[in-house]
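Please open the model in your viewer and keep the sequence panel beside it.

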Amino acid sequence: MASVLSPAGRIDLGHGCHAWVPDTAGWGMSNAGLVTGRGESLLVDTLYDLHLTRALLDGLAPVTDAAPVSTVVNTHGNGDHWFGNQLVAHAEIIAARGSLTDMRQVGPAEMRALTSADTAAGRFARRIFGRFDYSGVQPVLPHRVFDGETVLDIGGTEVRLIDVGPAHSAGDTIVHVPRARTVYTGDIVFAGSTPVIWHGPFANWLTACDLLLSLDMDIIVPGHGPVTTKEAVRTVRDYLSYVHEQATARFSAGMPAEAAGRDISLGRFADLDESERLAVNVHTVYRELDPSLPPLDGPRLFGRMADLACPCPGL
Ligand SMILES: [Zn+2]
């Protein structure tokens, strides 16, 4: 997959909707969005550090000068979608209840610890997250949480928030703007890179894909990757189904999860970026099949991905 995406920056999607897409791909390089109404705007997600979020806010300024950000939605609780919240703390910040749980578990302090650890996981984390600067990031949590679904009125524009999680994470909100036939999916859709299922169950994510495919809309702003269409949803759905099937077969054969991650051939999904996420995805399948398996914390999951990304000593 190409590591440089085009176009980048602020993209006008029409009907008051915009996407913000970084000019490089890779771990943590997430998208954001803006939905404008009369005199106010809704920001979908902040970015992984304060530099990136300032650049986002500067890039949106030609629009937000006339329609300031009054509301922020964090699509989920991974830091690349909320670590910039302190720069928009004047607005009302909303998230699904499960997302708040994730934010409390892994905030900037945990990421600083992970990326400074003298372990294989730490070295891998520095390699993939070294471009971000977590210093100065204050964990500003949502002011309001919701369950299930809620509808916002942003200066006369209807915006539907639907929590389709737990799936990718403990709470996964999609932001549907019916008038613009547009959905901001957060990390329910990865375009061009490998989906990662930190939480599960798989069934919820597949159901979320079906919901997206059933909506009367054309434009998808994924959590990562270029602005896309329902085709990307089908790829995510197919990848998750394939990995679930492959991992289940190896679980049934008695193969340990780490060996299964090395054994599975990704076939037509092999060209998706960040294929090492397979290690996390296999672990999640195994835990679904045997709930007595202990969960792995972040450092251990990154250790498994480090092993899959580069099974060489001294990474
Ligand atoms: Zn993300």
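A residue is called buried when its relative accessible area is under 20%, exposed when that area is over 50%, and partly exposed in between, with a 1.4 Å probe and protein chains only as cover. Helices (H or I, at least four residues) and strands (E, at least two) are DSSP runs, numbered from the N terminus. This is a predicted model, in which local features need pLDDT of at least 70 and side-chain atom pairs count only at pLDDT 80 or more, while totals for chains, interfaces and linings use all residues. Residues are numbered from 1 along each chain as its sequence is written, and side-chain values use heavy atoms, with hydrogens and water left out.

**The whole chain**

Begin with everything selected: the chain holds nine helices and 12 strands, and its C-alpha atoms fill a box of roughly 60 × 40 × 35 Å along the principal axes. The radius of gyration, taken over C-alpha atoms, is compared with a globule rule of 2.2 Å times the number of residues to the power 0.38. For 315 residues a compact globule would have a value near 20 Å, and the chain, at 19 Å, agrees with this. Of the 315 residues, 55% count as buried.

Next, select residues 29-224, where UniProt, in an unreviewed entry, places the feature "domain: Metallo-beta-lactamase"; UniProt positions are given in the numbering used here, feature names are shortened, and annotations may be inferred rather than shown by experiment. Over this stretch the chain is 28% helix and 28% strand, and the C-alpha atoms at its ends are 7 Å apart.

**Helix 8 and its cover**

Now select residues 278-289, which form helix 8, a helix of 12 residues that reaches 17 Å from its first C-alpha to its last. This is close to the 16 Å expected at 1.5 Å a residue, where the expected span is 1.5 Å times one less than the number of residues. Is helix 8 largely enclosed by the rest of the structure, or largely open? Nine of its 12 residues are buried, so helix 8 is largely enclosed. Among the buried residues of helix 8 are Leu-278, Asn-281, His-283 and Tyr-286.

**The nonpolar cores**

A nonpolar core is a set of buried Ala, Val, Leu, Ile, Met, Phe, Trp, Tyr and Cys residues joined through side-chain atoms within 4.5 Å. Select Phe-129, Ile-188, Trp-205, Leu-212 and Phe-302, which touch the most other members of the largest such core, one of 61 residues. The elements that give two or more residues to this core include helix 3 (108-114), helix 4 (120-129) and strand 11 (182-190), and helix 6 gives the most, with seven residues. Apart from this core lies another, of 21 residues, among them Ile-11, Ile-94, Val-175 and Ala-180.

Contact means heavy atoms within 4.5 Å. Not counting residues up to four places away in sequence, Leu-212 touches several residues, including Ile-174, Val-183, Ile-188 and Val-233.

**Two single residues**

Move to Thr-53 in helix 1 (residues 50-64), which is buried at a relative accessible area of 0%. Leaving aside neighbours within four places in sequence, Thr-53 is in contact with Thr-46, Leu-47, Gly-84 and Leu-87.

Pro-299, by contrast, is in helix 9 and counts as partly exposed at 43% relative accessibility. Its C-alpha atom is separated by 9.4 Å from that of Ala-113, 186 residues apart along the chain.

Most residues other than glycine have a negative phi, and most peptide bonds are trans. Select Gly-165 and Pro-166, which a cis peptide bond joins with omega about 0 degrees; Pro-166 lies in the loop between strand 9 (157-163) and strand 10 (173-177). Another cis bond joins Gly-200 and Pro-201, with omega about 5 degrees, and Pro-201 lies in the loop between strand 11 and helix 5.

End the tour at Asp-45, whose phi is positive, near 75 degrees, and which lies in the loop between strand 4 (41-44) and helix 1. Asp-45 counts as buried at 2% relative accessibility.
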